[in-house]
Amino acid sequence: MKKSIFFLAGACLMATVLSCNKDAAVSVSAEDQLTEQIQFRTQWPTMVVDTKTTAVVQDGFSSFNASATTGSSTETAVWTSQAFTKSGDVFRGDKWWPKDNPSYHFYASNVPLTFTEAGNTVAATNETDVVCAYQATPGYRETNTLFFSHIFARLGSVTVAEADGYTISDIDIQITPKTGGTYNLKSGYGKLDGTGWSSLTTGSPVSIASSAPGTQANDLYLVPGEYTLSASWTATKGNYSQSFSSKNLSVNLVAGKINLITAQIKGDATEISFAVNVAAWTDHPINAGVFPVK
């Protein structure tokens, strides 16, 4: 508020001086160079909300943290993890545009940001639905729109079907979750495959499909990327029955999506068969001897 009052007073003074002497030089202070407050609007992807980890939604989003940097391959911090709070239809954080275009880069997240020369990062765990935004070339002295995206992948339902006439039982499919790590907003921007993540934390294996064939509901927040599913089951067909364990299958989980997995399970039975060789009809001589005459 003080900045706005001072700016108005400076403007009035400038107008007075110019009216007296149009050729007079006017000295403008550094404070007067702060011409407009930096403000943002936000835009979100669609996300279903019915989770163990509470999903972030636009209606409940009243503030976020934002950073500004300058530079290209090596960046310099201007301000880091400044709170911006909703005011009407925009977000404000008491930060102002300089008189000349500084070529800012903007970073934003619902969790605290950390500056590095390679881009701002967040420490993310799957206890929070972390959303992030990065704007490489914002409009100078404009209300910029930050496009937020979810950096975790969600693993939803897993559906298992029997294949090739087998009866399947004792199913247990497990995944070893990557539950968090360090995420770089710049290198991960626009990527859905786990790019931008480092220093990952790995949790204990979790069962995502068990017991009988069908669908099991899950809702796990995971670092996106490639995962190995480990499965065990028993397959039966007629008199054949065999148990399998530690059978692996790779899947790729995509960031910002609820990933639904389907799989088929079967056995390794070999059907019993016989080969029959039938000989052609031939004469078989039999000597019965001599009938008695008495």
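Strand 3 (residues 75-87) and strand 4 pair in the antiparallel sense, over three bridges. Two strands count as paired if DSSP finds at least two bridges between them, and strands themselves are DSSP runs (E, at least two residues) numbered from the N terminus. Within this region, K86 stands opposite F91 in strand 4.

A word on the model before we go on. It is predicted, so to speak of a local feature requires pLDDT of at least 70 and side-chain atom pairs count only at pLDDT 80 or more, while totals for chains, interfaces and linings use all residues. Residues are numbered from 1 along each chain as its sequence is written, and side-chain values use heavy atoms, leaving out hydrogens and water.

Strand 7 (residues 131-135) holds Q135. Is Q135 buried or exposed? With a relative accessible area of 17%, Q135 is buried. Not counting residues up to four places away in sequence, Q135 touches H105, F106, N144, T145 and L146; contact here means heavy atoms within 4.5 Å.

## The nonpolar cores

A nonpolar core is a set of buried Ala, Val, Leu, Ile, Met, Phe, Trp, Tyr and Cys residues joined through side-chain atoms within 4.5 Å. The largest one has 39 residues, and V122, I151 and I175 touch the most other members. Strand 17 (residues 225-237) gives the most to this core, with five residues. Apart from it lies another core of 17 residues, including F61, F64, W97 and Y104.

Leaving aside neighbours within four places in sequence, the contacts of V122 include S109, V111, P112, L113, I151 and Y183.

Most residues other than glycine have a negative phi. S103 lies in the loop between strand 4 (90-97) and strand 5 (105-109), whereas the place of S246 is in strand 18 (residues 240-253). Buried means under 20% relative accessible area, exposed over 50%, and partly exposed in between (1.4 Å probe, protein chains only).

| Residue | Phi | Relative accessible area |
|---|---|---|
| S103 | about 55° | 45%, partly exposed |
| S246 | about 55° | 55%, exposed |

Note on methods. Helices (H or I, at least four residues) and strands (E, at least two) are DSSP runs, numbered from the N terminus.
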